[in-house]
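Here are some notes to read beside the model. Each numbered point takes up one part of the chain.

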Amino acid sequence: MKNIVLFVLSILATIGCLNIWNVTYASTILNTTIVNADWVLYTNGPNLDEIMNSNASLFIIDYSSDGTDKKAFTKTQIDNLRNSGKTILAYLNVGAAENWRYYWKKLDKGIILSPLQGWQGEYYVKYWYDSWISIVKEYLGKIVNAGFDGVMFDWVNIYMSQTLQIDTKKSQRDLKYAMADTLRKVMSTYPNLKYAFVNGDDLLVEFPDLIKYVRYVVVESVFFSNLKSKVGTQEFENRIKTLTTLTQQNVIVLSVEYIDNGNPLDKENASRIKDYIRMCKGYGFLYYIAKSNQKLDTINVPKIPKE
């Protein structure tokens, strides 16, 4: 009998805890507000239904649901998004080769260099070679045929890598000029696309002729690093000066900060998010608040306490 009583009491206690948790959860939801984004960076396994239901109007995604040609999005799918008023750009890595892409097996192995540390499956590549430029143009053709509005080029600043400089025995300056030349050749093939460069602000300032093709520059971690503010540092001031120069030439700055820890009741997290939005609006940047884990595998919509 004693065991039965204890068993019943344990069940009642569990139910009580669940009810308390439900009340607490409901209270949390009622006392928070969502923070919508100006744009979205969603390159890891993009879900088109999620994009369709989002309030944002500009998205940068992979051309495929899993990065492979087999699951590439169709023109019908992309047209549906565009017809709803959304602008859709596709991700393309112009500075490094990726071993899960359709082109890997036929890629000239003579242009592949050492692995990119910290980025599994990615390799430095001699991006100034005609064989690589041909691959990028072919890749762009797939993106155009799928109906995307444009393309975001990643790793346009890979010339800064000391590993690449050592592998190629080329100076940073020579590699930078080579990247600018590669981009000219590629973009001139499809001049009407909307192009975005990831962290390509320095490249655009030094080679202003590229600006005639480029609509956006995507910048990461300008305001924060590891959740800590960079405002006031020399690095920050230099970057803002460069980006301001570009905005004056009608290049749109798409800022992304990996600052949301996912805790809707964390006042420090909320303060960080609000400061970021305020600064972006002040500089005329569009903002996206990404998760601090940097996975970019969903559309992040932060929740913060109501004021």
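1. One term comes before the rest: two strands are said to pair if DSSP finds at least two bridges between them. The model discussed here is predicted. Strand S2 and strand S3 (residues 58-61) are joined by three bridges and run parallel. One of the residues involved is Leu41, whose bridge partner in S3 is Ile60.

2. S2 and S3 belong to an open sheet of eight strands with parallel pairing, and the order across the sheet is S2-S3-S4-S8-S9-S10-S13-S14. The edges are taken by strand S2 (40-42) and strand S14 (286-291); each has a single partner strand, so one side of each has no neighbour in the sheet. From one strand to the next, the twist averages 25 degrees.

3. Helix H6 (residues 172-187) packs on this sheet. H6 touches strand S8 (150-154), strand S9 (194-198) and strand S10 (214-220), and its direction makes about 160 degrees with that of S9.

4. Lys176 lies in helix H6. Is Lys176 buried or exposed? Lys176 has a relative accessible area of 7%, and the cut-off for buried is under 20%, so Lys176 counts as buried. Its side chain makes a polar contact with the side chain of Glu206, at 2.6 Å. With neighbours within four places in sequence left aside, Lys176 is in contact with Tyr127, Tyr159, Asp202, Leu203, Glu206 and Phe207.

5. A second open sheet has three strands in the order S5-S7-S6, and its pairing is antiparallel. S5 and strand S6 (112-115) are the edge strands; each has a single partner strand, so one side of each is without a neighbour in the sheet. Neighbouring strands of this sheet are turned by 40 degrees against each other on average, direction ignored. Three bridges join S5 to S7, and these two strands run antiparallel. Ala97 stands opposite Tyr123 in S7.

6. Does the length of helix H4 (residues 130-145) agree or disagree with its number of residues? At 1.5 Å a residue, its 16 residues should span 22 Å, and the end C-alpha atoms are 22 Å apart, so the two agree. The buried residues in H4 are Trp132, Ile133, Ile135, Val136, Tyr139, Leu140, Gly141 and Ile143. An α-helix has 3.6 residues a turn, so residues three or four places apart point the same way. The cover over the buried residues of H4 includes S4, strand S5 (96-98), strand S7 (122-125), S8, H6 and S9. Just after H4, Gly147 takes a positive phi of about 90 degrees.

7. The largest nonpolar core has 101 residues. Which of them touch the most other members? They are Tyr127, Trp132, Phe148, Phe153, Phe197 and Phe223. Trp132 is also among the buried residues of H4. For Phe148, leaving aside neighbours within four places in sequence, the contacts are Ile61, Asp62, Tyr63, Phe73, Ile78, Ile88, Leu89, Ala90, Ile143 and Leu193.

8. Two asparagines have a positive phi. Asn199 is in the loop between S9 and helix H7 (201-206), and its phi is near 50 degrees, a positive value in a residue other than glycine. Asn250 is in the loop between helix H8 (234-247) and strand S13 (252-260), and its phi is about 70 degrees, again positive although Asn250 is not a glycine. Asn199 counts as buried at 18% relative accessibility, whereas Asn250 is exposed, with a relative accessible area of 66%.

9. Ser84 is in the loop between helix H3 (75-83) and strand S4 (87-93). At 38% relative accessibility, Ser84 counts as partly exposed. The side chain of Ser84 reaches the backbone oxygen of Leu81 at 2.5 Å. Ser84 and Asn53 are 31 residues apart along the chain, and their C-alpha atoms are separated by 10.0 Å.

10. Glu307 lies in the segment after strand S15 (303-305). Glu307 counts as exposed, at 86% relative accessibility. How far is the C-alpha atom of Glu307 separated from that of Thr32? The separation is 8.6 Å, although Glu307 and Thr32 are 275 residues apart along the chain.

Notes. Residues are numbered from 1 along each chain as its sequence is written. This is a predicted model: local features need pLDDT of at least 70, side-chain atom pairs count only at pLDDT 80 or more; totals for chains, interfaces and linings use all residues. Side-chain values use heavy atoms; hydrogens and water are left out. Helices (H or I, at least four residues) and strands (E, at least two) are DSSP runs, numbered from the N terminus. Axes are lines fitted to C-alpha atoms, for helices over the stretch in contact, and angles run from 0 to 180 degrees between N-to-C directions. Contact means heavy atoms within 4.5 Å. Buried means under 20% relative accessible area, exposed over 50%, partly exposed in between (1.4 Å probe, protein chains only). A polar contact is a pair of N or O atoms within 3.5 Å; within protein, one must be able to donate a hydrogen and the other to accept it, and residues adjacent in sequence count only if both atoms are side-chain atoms. A nonpolar core is a set of buried Ala, Val, Leu, Ile, Met, Phe, Trp, Tyr and Cys residues joined through side-chain atoms within 4.5 Å. The expected span of a helix is 1.5 Å times one less than its number of residues.
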